[in-house]
Amino acid sequence: MNYHKIFKKNPALFPFINTSFALELPKMKTDKEIKLKFTKFYQLEYIGEVAERWDERRIVKRKADFIGLTLGLAKSFSNDFLYNQKEIFVDKAARRLGENFDLISALSVLYFANEQNLDMNESLKSIYQGILNCKKEVEDASELAVAIRLAVENKSYVHFQREEADDQTWRELICSLVDQLELNLNSPHETFPLLALIGTVYDALEKPKAKEFKTKGMVRYLQSVSALLYKEISDERAFSVSDVLKISREDVFVYNYLFVYECGNFQEQEITEPGYDRICKKYVETQFFSKKPVSDDFLKRVKEGFNFSSLITNLQKFTNLDNLKKFLEIAEDELVDRVYPSHIILIQKDLVDENKKMNFTTRLLLGGDYPVRRLNQEQFEYLQGKLKEYQANNDLEFKPNQNYVDLCIRYGYIDLTDINKLKEMEVTSYAVNYAFNQKNWEQLITLLEKLDVIHHEVVWRYDDRIKDEVEGELLKRFYHLYLNFLFYKKPSKYTKKIYQLLQDDSFVNLFELSEKEIEKTEKTIYNHEMLSKRDAEELYRKYTPAEVLEQERVEKVVNKIRKYSSLYSMEVNFRENIEDMKENELVRKAFVEQFLLLRSEKKFFDVFILIFYKLKYHELLTEEENRTIENIAIQSVRYAS
């Protein structure tokens, strides 16, 4: 039983236990102050001595001392005891119980034996039997909760130390104790340790049946308490737990938090990391948002460090003004770090000083801390009124940004057609961005037409996006804006774009341009040498007669042939020129002349002969040229001989 956590939370709940003994004895070996205390008052320096001589040194003066002593010894390290000191303690405890039996004291001794791995000797058997024979009901709720927990903790000890039949007997004991339980659960922060003590009963009994209890609904009761200890209670399940335990839904979340964080074992809990965060979130929300004043116990806990983001963004949900004031005391730094629309209530309720009011007002209107959330019209109008008040009375400087202008336009404080006001407020660029972000292209284009060209950049930067979504007259107006800005921003690219658009059928059809208009424009562009070399060549070919283009092409081919520097290069490029030689005399003649000019290359005589036969095969030689080349070939052979 991890009673350390539970006893520390509210020792006043357990007047029948000397919690000092229970908590201090396990630390006696390592804590000098505790050791000094027992040495000074009882002349005992070691745990083993305490177990052996507790009755001689009058450590136990009342039942609470005995129970606290027994629980403390149970949680001490086993090697702190020498020889048979554990058995001596059990024997003395049995004699004490024989004189004045008490159920919780007996269960504590059995728990000591369980924790210290003692076999059940005659003394323990007598204590065990005394527990089973005890017919006296435990009237105090706190004592009963502790008795139930001790009985559950001892269940495994009975299983291994007694006969199999005793398992059922012990199970019936636990059920009979549970049947007596009646807890007042209306003050969670005070009584949660008691309810936590029975949190393990449901699992220890391995899903008990309803018939094992006399009390109707007890299984669901135990199951709900177990869920509070081991699981995250969802909003849906909170209703059923509330109904079973007869507590408010808000208290369900309080118990869930207190059980999980202050009584439970994280290794045994079935909770995800986000689940732990949600448990904390519901805990602080249900308390601070409640109509009831928050308790001092609650405030002590939240001061230790919580994530208050869900509260800060929902300050309007505080229904108790005192709770809100107390929250401000705890979370003042967080409230200043980030400002949300919910901060308006702090201004309205006069809960912060003038400087913070002005700070919150300007930051809310500028919207820097809440990129996702927006002010509604009522909130905006209130803050706008406060802004004017602060500007008049405090000389507050306020420089509009995009968020503020968006709000002004959305709620009618700025008209996009009022260009003078936009210029006066120096928010023209923000107004353009607003119209663009709304995708109201007609509104955007109308606005831009009234503004200087410097503001037209948006249609140039996002031309494809806008162009694809407008048509007709609106598209014409778009092109005018686009081309004006292009000429202003990138004059060197202006003519290139004009030329590209004239090749676009959709653009030509939109502006109903005639062929003469297109030709006139293109020739003007060409004559003024305002195009790239590639576009200029394309335009030249478009308007130059075919016979002239052909003549120029032939001249280029002839010039290329005359640049051949060897017979080898002529042979390699023969196929490239063959069609031109067949169709154009100038090309043919240039090729033959260059061939004869290079005939003196003796080392390429074989190439010379190859070209000669190719020319002859394709009938590209006159009779005279044929004879000339044959003679050259014959002479070359003779010379070689």
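This is a predicted model: local features need pLDDT of at least 70, side-chain atom pairs count only at pLDDT 80 or more; totals for chains, interfaces and linings use all residues.

User: How many aromatic pairs does a search of the whole structure find?

Analyst: It finds 42. Rings of Phe, Tyr and Trp (its six-membered ring) pair if their centres lie within 6.5 Å; planes under 30 degrees apart are stacked, over 60 edge-to-face, and the rest tilted.

User: Why is the F574 and F591 pair classed the way it is?

Analyst: The ring centres are 5.7 Å apart and the planes sit at 75°, so F574 and F591 are edge-to-face. The pair links distant parts of the chain, with F574 in helix α38 (residues 574-583) and F591 in helix α39 (residues 585-597), 17 residues apart. Helices here are DSSP runs (H or I, at least four residues), strands are E runs of at least two, and both are numbered from the N terminus.

User: Is F574 buried or exposed?

Analyst: F574 is buried at 4% relative accessible area, and F591 is buried at 0%. Buried means under 20%, exposed over 50%, partly exposed in between (1.4 Å probe, protein chains only).

User: Switching topic: how do the axes of α5 and α6 cross?

Analyst: Helix α5 (residues 63-74) and helix α6 (residues 85-99) have axes that come within 13 Å and cross at roughly 155°. Axes are lines fitted to C-alpha atoms, for helices over the stretch in contact, with angles from 0 to 180 degrees between N-to-C directions. That makes α5 and α6 roughly antiparallel (over 145 degrees; under 35 is roughly parallel, 65 to 115 roughly perpendicular, the rest oblique).

User: Which residues make the contact?

Analyst: From α5 there are K63, F66, L69, T70 and L73, and from α6 F89, A93 and R96. Contact means heavy atoms within 4.5 Å.

User: And T200, what does that touch?

Analyst: T200 touches R149, V152, L229 and Y230, leaving aside residues up to four places away in sequence. T200 lies in the loop between α12 (188-197) and α13 and is buried at 14% relative accessibility.

User: Is E206 buried or exposed?

Analyst: E206 is exposed, at 62% relative accessible area, and is found in the loop between α13 (201-204) and α14 (218-230).

Conventions. Residues are numbered from 1 along each chain as its sequence is written. Side-chain values use heavy atoms; hydrogens and water are left out.
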